[in-house]
Amino acid sequence: MNQMKNWRKELRVDPIPCLLSSGNKAIEYFVKRDLSGGRVEPVEILWKLPEAERLLRRQQEDGSWKYPGGGKEHLRSQEDYNQIETYRILGELVEKCGLNKQHRAIRKAAEFLFSKQTEEGDFRGIYGNQYSPNYSAGIMELLIKAGYDGDPRIKKGFNWLLSIRQNDGGWAIPLRTIGAKYADIVKAITIEPNLSKPFSYLVTGVVLRAFAASPKYSKSPEAVTAGKLLASRFFKRDVYPDRNTPEYWGKVSFPFWFTDIVSALDSLSLLGFSGDEPDIDDALRWLKNRQNDDGLFELKLMKGKDKDLKLWICLAICRAFKRFSA
């Protein structure tokens, strides 16, 4: 109980009352389970929420979700767009509704995504025939959270991620390391990376989410090394052209998509980093200074139309603060 009081006192305003009075049953459930120590029923009670049932009705027979709109066919096929839409919807169901592989729809979605895994171990297609450590790891993160951590296909994915690290210990999009553009993803030949080039904080932050989700791989020395690299880039530019201005650190989303300050702190807190480390302490102070009188945080919201996105971001921030206070 002292630990809970301590982390809540670190903030200017206690956010728990606002979250518990939000009227969002899923948020109230996760606050009780993860933050306030309240008793909760099995997570299956969230599976019948209207938000979950609305998404589940749209699932296709092969386990995927159809991408709305046409997309850019010169970059991806419709099948590839369905892969990214399935990844997106899986995030909504796992992170906001608590679904796991005990639900048939999650098993079907998992098998659809695993069908996109290559013999090498990566998940291919979202960047055409090109390597994508960020989307591969993002998909793995959600599958692990859905209960697939012990699946040999997840191990295969981690082996691939470890094999494609930059020499400095982080990750980058391989086609970017040779100066290629995204128009090049239509090439039939997979572009091999230049591992001597520096890591990308954007990509490294996403990859670390998969490591952070896995009890086994979160303890790996490679994850610790990459975590230190990620923290060293807080509020700095990325070395590659994608989302490379410092302002992107404060543009947040939930479920996590790109790398931002909230997703990065979430991963580092799960990897066992201390909140007293200078870069992390600075980031936590930065968040404290953006807390409003209602307990929520004033950040630029990205990705999605959820009216409760501010509440989900607050929940994620609170989880990180609590872990760092342990």
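Predicted model: local features only at pLDDT ≥ 70, side-chain atom pairs only at ≥ 80, totals over all residues.

User: How many helices and strands does the protein chain have?

Analyst: Helices (H or I, at least four residues) and strands (E, at least two) are DSSP runs, numbered from the N terminus. The protein chain has 14 helices and 2 strands.

User: What does the radius of gyration say about the protein chain?

Analyst: The radius of gyration is taken over C-alpha atoms, and the globule rule is 2.2 Å times the number of residues to the power 0.38. For 326 residues a compact globule would have a value near 20 Å, and the 19 Å of the protein chain agrees with this. Along the principal axes, the C-alpha atoms fill a box of roughly 55 × 45 × 35 Å.

User: What percentage of the residues is buried?

Analyst: Buried means under 20% relative accessible area, exposed over 50%, and partly exposed in between (1.4 Å probe, protein chains only). Of the 326 residues in the protein chain, 57% are buried.

User: Which residues line the largest cavity?

Analyst: On a 1 Å grid over the protein atoms alone, a cavity is a set of points where a 1.4 Å probe fits but cannot get out; a pocket is an open set with protein on both sides within 12 Å along at least five of seven lines; lining residues have an atom within 4 Å of a point. Grid points are joined across faces, edges and corners, and a volume is the space filled by probe spheres set on the points. The structure holds 1 cavity of 30 Å³ or more. The lining of the largest cavity consists of E141, K145, R209, A212, A213, D266, S267 and L270. Two or more of these residues come from each of α7 (133-148), α10 (201-213) and α12 (261-270).

User: Where is the centre of the largest pocket, in terms of the residues nearest to it?

Analyst: R54, R88, E92, K96 and D306 lie nearest the centre, among 30 lining residues. The largest pocket holds about 600 Å³ of space, and α5 gives the largest share of its lining, 8 residues. By class (Ala, Val, Leu, Ile, Met, Phe, Trp, Tyr, Cys and Pro nonpolar; Asp, Glu, Lys and Arg charged; the others, Gly among them, polar), the lining has 13 nonpolar, 3 polar and 14 charged residues.

User: Why is α12 described as largely enclosed?

Analyst: The description applies because 9 of the 10 residues of α12 are buried. These buried residues pack against α10, α11 (221-232), β1 (251-252), α13 (278-288) and α14. S263 is found in α12 and has a relative accessible area of 1%. Contact means heavy atoms within 4.5 Å; leaving aside neighbours within four places in sequence, S263 is in contact with R209, F256 and F258.

User: Is P174 buried or exposed?

Analyst: P174, in helix α9 (residues 174-177), counts as buried at 1% relative accessibility. Beyond its neighbours within four places in sequence, P174 is in contact with Y131, P133, I164, I191 and P193.

How values were computed
Residues numbered from 1 in each chain as written. Heavy atoms only, no water.
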